Amino acid sequence: MALATFLTAVCIAVVAAYYSIIGLTAIFPASFAAIVAMGIVLEVGKLLTAGWLHQNWEIAPKGLKYYLTGAVVVLMFITSMGIFGFLSKAHIDQGMELTNVEIQKSQIETSIQRENRQIERDEAVLAQLDAGLQRYIELGAVSKGLEARENQAEERESLQRSIDQATQNIVSLQERMAQIKVQVAAFEAEVGPLAYVAELIYGEDADGRTLDSAVRIVILIIIFVFDPLAVLLVIAASVTLKEERRKKRAIELIEKHKPKRRGRPPKNSKIA
């Protein structure tokens, strides 16, 4: 049990240290190597200090043990702050990806609207040309109408090509929009559990702000358990090891002072 407790504490501490160091490097990106080195030595020092304080609490000088206790608490706070930064960055990155997708969606919608306006303008010009030809027919000047139509042929072809190109652009944009909608749906599925948490905390009126607040609450709950659990498990392992050593010494003392049994004579032996 002592070994299992110690190994569990080390595993939790290693993961907490990793999250904390990554979070601190996000806060201080200009000193990546220095932050990593500092985080490793401080995490190791924190666990060793917690174990040493428990083992030597009664014999340690007051000033030393109070300072070391404060140092452990401050280091736990620093580790928790780093974990908070790591998890917050993960949530922000996820939100940035969704924001980028939403921006792409908005741009595609704007492009589709622009192409539709271009088609409307071209069709309006064609309608004006058709109205002019219809006027010739109404006046009985059919030959002039046919001549005018021949003169409009190049312009009509240009307008039709513009309409066809805009239509193709809309089809392509709609295909991209379908892909964007799939990505948005995937992001919404990922955020879905957080939305349920926000509704659990704030009710059915939860929105984007309450979602971010719910995420912060969840992160705080995690950090209040994460690193303190590692430190306390180190102390628990120390307690268990200390108790096991005490039991072992007690058994050794009992065996040492236990009277030796005298050998019994064989049953068939004769007593002189």
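A salt bridge is a side-chain nitrogen of Lys or Arg within 4 Å of a carboxyl oxygen of Asp or Glu. The model examined here is a predicted one. A search of the whole structure finds two salt bridges. Lys46 also forms a salt bridge with Asp227, where the closest N and O atoms are 2.6 Å apart. Lys46 belongs to helix H2 and Asp227 to helix H5, so this pair ties together parts that are 181 residues apart in sequence. Through shared partners, the salt bridges join Glu43, Lys46 and Asp227 into one network.

Buried means under 20% relative accessible area. Glu43 counts as buried because its relative accessibility is 9%. Lys46 is buried, with a relative accessible area of 0%. Asp227 is also buried, at 0% relative accessibility. Glu43 and Lys46 both lie in helix H2, three residues apart, or about one turn of the helix. An α-helix has 3.6 residues a turn, so residues three or four places apart point the same way.

Thr79 is buried, with a relative accessible area of 1%.

The overall fold is helical. The protein chain has five helices and zero strands. Its elements run α-α-α-α-α from the N terminus on. Of the 272 residues in the protein chain, 29% are buried. Among contacts with a separation of 6 or more, 72% are between residues 24 or more positions apart. The accessible surface of the protein chain comes to about 19200 Å². Carbon and sulfur atoms account for 62% of that surface.

Nonpolar residues gather in separate cores. The largest nonpolar core has 19 residues. Those with the most contacts inside it are Ile12, Leu47, Val72, Ile83, Phe226 and Val231. Helices H1 (2-27), H2, H3 and H5 (208-257) each give two or more residues to this core. H5 gives the most, with eight residues. A second, separate core of eight residues includes Ile112, Leu173, Ile180 and Phe187. Within the largest core, Ile12 is one of the residues with the most contacts. Leaving aside neighbours within four places in sequence, Ile12 is in contact with Phe226, Leu229, Ala230 and Leu233.

H2 has 25 residues and reaches 36 Å from its first C-alpha to its last, close to the 36 Å expected at 1.5 Å a residue. Its buried residues include Ile35, Gly39, Leu47, Ala50 and Leu53. Val36 also lies in helix H2. This valine is partly exposed, with a relative accessible area of 23%. Val36 touches Ile21 and Thr25, not counting residues up to four places away in sequence. Val36 and Ile21 are 15 residues apart in sequence, but 5.9 Å apart in space, C-alpha to C-alpha.

A nonpolar patch also forms on the surface. Met38, Ile40, Val41, Leu42, Val44 and Leu48 make up this patch, with about 540 Å² of accessible area together. Val44 lies in helix H2, which covers residues 32-56. Val44 is partly exposed, with a relative accessible area of 46%.

How values were computed: Residues numbered from 1 in each chain as written. Predicted model: local features only at pLDDT ≥ 70, side-chain atom pairs only at ≥ 80, totals over all residues. Heavy atoms only, no water. Patch = residues over 30% accessible without salt bridge, like charges linked within 9 Å, V, L, I, M, F, W, Y side chains within 5 Å. Areas by Shrake-Rupley, 256 points an atom, 1.4 Å probe, with all protein chains shown as cover. Helix = DSSP H or I, 4+ residues; strand = E, 2+ residues; numbered from the N terminus. Buried < 20%, exposed > 50% of the residue type's maximum accessible area, 1.4 Å probe, protein only. Expected span 1.5 Å × (residues − 1). Contact = heavy atoms within 4.5 Å. Core = buried A, V, L, I, M, F, W, Y, C linked by side-chain atoms within 4.5 Å.
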